[in-house]
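Me: I'd like to learn how to read aromatic contacts in a model. Can we walk through one together?

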Amino acid sequence: MPSIAIVGAGPQMGLAIARTFGSQGFDVALISRNRDKLDDLVGKLEAEGIDAAAFSANVLDRAGLTRAIESAAAEFGGIEVLEYSPVGTFGSAALTAPTGTEPSHVEFEMNFQLYGAIAATRAVLPAMREAGAGTLLYTTGAGSIWPDPRVANVNAAAAALRNWVMNLHKELADAGTGIQAAHVGIDSSIGVSVIPGVEAARPEQITPLYWDLHTAKRDQAELVFKL
């Protein structure tokens, strides 16, 4: 069976993406920091007939993240789809306006968003190149496209990730690798509203974009969800 590795898997988007691909016959590798929460998600998926497994890793530990993805590939016989969408915990990092941003405020976000994504990609790309097929999907908030000064440091790193993904898409497409790379921008809160004035969407409203990019829209470098 094909498999998807979801980096930053949680009870909202991660679980919904797992269900979307799992319902289409994919095995699911869930990767995040908290093993207990992962085991709970695995239990929910298996109760729905989806084969899933948990792999603990922190995206800030790039060597550990690589090992987790390699373990997932060994467990399922390869990774056909990588989805990268870790979400920070509110309060764990400062959210800064442009004039209040220190280099350290952006440095943390770059490690979390861009550098973790690059490490995850490098862990799966050689096998995808050898197979001549694969899908690489990366998620950010829509501030990567339309900046919000209330979260300028987060937007800066998200925009860097988006730019890198757009370039990755072009490189892989121009070389005829058969590998799709694309960015998903989410212009809403998920589940509950956390930023004033930003509406909340259900994860199930968003996940069809990921399946479309994997299947029908492989020429697209980006899809944006907006309520």
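Me: Which charged end sits over the ring of Trp146?

Reply: A charge sits over a ring if NZ of Lys or CZ of Arg is within 6 Å of the ring centre and within 35 degrees of the ring normal. Here it's Lys226, whose charged end lies 5.9 Å from the centre of the Trp146 ring. Keep in mind that this is a predicted model, where local features need pLDDT of at least 70, side-chain atom pairs count only at pLDDT 80 or more, and totals for chains, interfaces and linings use all residues. Residues are numbered from 1 along each chain as its sequence is written, and side-chain values use heavy atoms, leaving out hydrogens and water.

Me: How many aromatic pairs are there?

Reply: Rings of Phe, Tyr and Trp (its six-membered ring) pair if their centres lie within 6.5 Å; planes under 30 degrees apart are stacked, over 60 edge-to-face, the rest tilted. That rule gives 5 aromatic pairs. Take Phe26 and Trp211: their planes are at 85° with centres 6.0 Å apart, so you'd call the pair edge-to-face. Phe26 is in the loop between helix H1 (13–22) and strand E2 (27–32), while Trp211 is in helix H7 (residues 208–214), 185 residues apart. Helices (H or I, at least four residues) and strands (E, at least two) are DSSP runs, numbered from the N terminus.

Me: Is Phe26 buried or exposed?

Reply: Buried means under 20% relative accessible area, exposed over 50%, partly exposed in between (1.4 Å probe, protein chains only). Phe26 has 6% relative accessibility, so it's buried. Ring pairs also link Phe21, Phe26 and Trp211 into a cluster.
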